Amino acid sequence: FVDGVRYAVKDTLPLVVAVIVFLGSALIGRPFMRFFAEQIFNQLLSPDTPQKHASVNRLLSQSGVTRSYVQGSIVIGVWNILAGVVNFLLNINLVTAQFDTELFNSQVARVNAITRIVFTVGGMAAMAFAIWLVYRAIFAVLPKEGEKSQFESELWDLINKWEGHAA
């Protein structure tokens, strides 16, 4: 059984693990955000040939894009630090009853009602911002087609133009 500070620590540990994973991966040069971005952009682009797959890999390996993986991992890591501090403080201040009592369960439910909504929305916002950083970095690498906005262009046409192919 755990109550008091031990409960607050126990409930905050998953957020601490996320901080270690995201900030640690950025620190050692293997940002975890890269794995998310590779999945997203491989799904988005659906490279159907080895050449297209190689093109996507080259694009996702550009220095500005790899820098955005680090930035995105830091964003998510910092979000988890903030969430962890808030979670710990909520638990330490609101979950004060002894373990295995109805009051304890009620207090835990109250904290969960707050954190499950706020942390989900905040986590989604942090992830969306991290993905946007990668997206922005990819479009910074790709050329424009004349006066046309990149958002109006076919992504594969931009990739082919970037690689020097006839689009």
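What share of the contacts between residues at least 6 apart in sequence join residues at least 24 apart? In this predicted model, the share is 68%.

View 1. The chain holds six helices and zero strands. Read along the sequence, the pattern is α-α-α-α-α-α. The radius of gyration is 21 Å, well over the 15 Å that the globule rule gives for 167 residues, so the chain is more spread out than a compact globule. Along its principal axes, the C-alpha trace spans about 70 × 30 × 25 Å.

View 2. Buried residues make up 34% of the 167 residues. The chain carries 13 positive and 12 negative charges. Their mean positions lie 6 Å apart.

**View 3. The largest nonpolar core.** This core has 21 residues. Those with the most contacts inside it are Leu60, Val65, Val134, Ile138, Leu142, Leu155 and Ile159. Helices H2 (33-45), H3 (50-60), H4 (63-94), H5 (102-141) and H6 (155-162) each give two or more residues to the core. H5 supplies the largest share, five residues.

**View 4. Around Leu142.** Which residues does leucine 142 touch, not counting residues up to four places away in sequence? They are Leu59, Gln150, Leu155, Leu158, Ile159 and Trp162.

Note on methods. Residues are numbered from 1 along each chain as its sequence is written. This is a predicted model: local features need pLDDT of at least 70, side-chain atom pairs count only at pLDDT 80 or more; totals for chains, interfaces and linings use all residues. Side-chain values use heavy atoms; hydrogens and water are left out. Helices (H or I, at least four residues) and strands (E, at least two) are DSSP runs, numbered from the N terminus. The radius of gyration is taken over C-alpha atoms; the globule rule is 2.2 Å times the number of residues to the power 0.38. Buried means under 20% relative accessible area, exposed over 50%, partly exposed in between (1.4 Å probe, protein chains only). Contact means heavy atoms within 4.5 Å. Lys and Arg count as positive and Asp and Glu as negative; His and the chain ends are not counted. The place of a charge is taken as NZ of Lys, CZ of Arg, CG of Asp or CD of Glu. A nonpolar core is a set of buried Ala, Val, Leu, Ile, Met, Phe, Trp, Tyr and Cys residues joined through side-chain atoms within 4.5 Å.
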